[in-house]
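Let's take a look at where a ligand sits in a protein. Have the structure open while you read.

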Amino acid sequence: METDFLIKYVRGREIIDSRGNPTLEVDVVTEANVLGRASAPAGRSRGKYEAVEIRDGSKRYHGLGVQKAVKIVNETLNSLLKGRDVRLQREIDKILIEYDGTEDKSRLGGNVLTATSLAVAKAAAASLKLPLYKYVGGSNAHILPVPMFLYVCGGKLAATDLDFQEFNVMPTGAKTFSEAIQMGCEVYHALADILSKKFGKYSLNVGDEGSLSPPKVDDPNIIFESILEAVESQGYSGKFVLALDAAATHLFNSMSGKYRFRGKEVDAGELMEIYIELAKKFPLASIEDPFHEDDFESFAEITRKLKDVQIVGDDLFVSNIKRLKKGIECGAANTILLKVNQIGTLSEALDTAAYAMRNNYSVLVSERSAQTEDIWLAELTVAINAGQIKNGAPVRSERVAQFNQLLRIEEELGSAAKYAGENYRSPI
Ligand code: PGA
Ligand code: ZN
């Protein structure tokens, strides 16, 4: 019956994320009692142009409670969305965006918009008896992404002396997604061994996303060398490429106009040289946020200078189509990091991704440093045939949940499944 698809109620609740902080979970229930449930992830290394999160700011949970967000869902959104058809995703997202009415989504909150919008999509998919990736992506959703595994962290995401935030790898030489997972796990454990032998047992402490933490190392060269050693030790030479997220916004000192690097301050030109040297020395295929979030010019320069390298805009674009357009106009970066809660709704994220692809920018779908066990991220990555997913280390349940879902999707797609492999920037 058509009325089966109508929303009976929307309900929010406070749950916790992988950092032990509260986050919002939303249930959308239809008249046929079909449930769509989704939760919002949370960043720590946030860009200033991201959608604002609604947090309580009261004593409980160090100010991070989301009871206000729950109230918005239970009162405002419940009455706004009750009786609407869950299949009308764009219409519902439009209602949410218009009701919010702000540029930074500060009335309803990026966390409220993301959890609600995805819960609606999940309710529709479940009502239509389709997996989410097929509901969102249609019958052509078939690309299994190259997983960008995070092995070592610095910056805001781990207690190490490394300035650059993330040292990632991509098993581009795997034949299937499941082989990529196997390779990524084997090398992670080999690297744990190598780092603990070289830098002591505290290397085995893990950061926010399950990354390893070698103490007293501040030289990125040493990390990349150790990673390549681990890759070789497993017989995978040439089958992995390296990827860096400098998260340079968080190294930038606006007073001096320089970046913190290994106990000194360097200017944009010197930082550029550091990247160029790393790219010469290592199979470095991807660099995210090499400069701070307002420096479109340096982004354009590095994109020109390192032609073969994927230059990713995270804090630069914040998944926002307007900022992406500005980047495309001046040639800043060639890839967008896609984080739904940076912009708000699923429809906006899909628009940004489509616009990027149409302009020959690649799309790297990304987790946040705090996630839940919700697997919409894995589904979205296949839905848009993105070709690559950034999802932390292959340990800790909130990361593993995504990888395992992708393994299931690969199995379900059977012979239609295609691992992006070396074509991760342009998988179709
Ligand atoms: P997050 O950042 O902590 O905001 O999720 C991770 C990243 O910079 O990619
Ligand atoms: Zn980043």
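Predicted model: local features only at pLDDT ≥ 70, side-chain atom pairs only at ≥ 80, totals over all residues.

Residues are numbered from 1 along each chain as its sequence is written, chains are lettered from A and ligands numbered from 1 in the order in which they are written, and side-chain values use heavy atoms, with hydrogens and water left out.

The protein splits into domain 1 (2-129) and domain 2 (138-423), with bounds from an automatic or database domain assignment. Their centres, taken over C-alpha atoms, are 27 Å apart. Across the two, 35 residues of domain 1 touch 32 residues of domain 2, where contact means heavy atoms within 4.5 Å.

So where's ligand 1? Both domain 1 and domain 2 give residues to its shell, so ligand 1 lies between them. There are 14 residues around ligand 1, and Arg44, Ser45, Arg368, Ser369 and Lys390 come nearest (a residue is near if one of its heavy atoms lies within 4 Å). The shell holds 1 nonpolar, 4 polar and 9 charged residues; Asp, Glu, Lys and Arg count as charged, Ala, Val, Leu, Ile, Met, Phe, Trp, Tyr, Cys and Pro as nonpolar, and the others, Gly among them, as polar.

Here are some distances to oxygen atoms of ligand 1:

| Residue | Its atom | Distance |
|---|---|---|
| Ser45 | backbone N or O | 2.8 Å |
| Asp245 | side-chain N or O | 3.2 Å |
| Glu288 | polar side-chain atom | 3.2 Å |

Note on methods. Polar contact = N/O pair within 3.5 Å; in protein donor to acceptor, adjacent residues only side chain to side chain.
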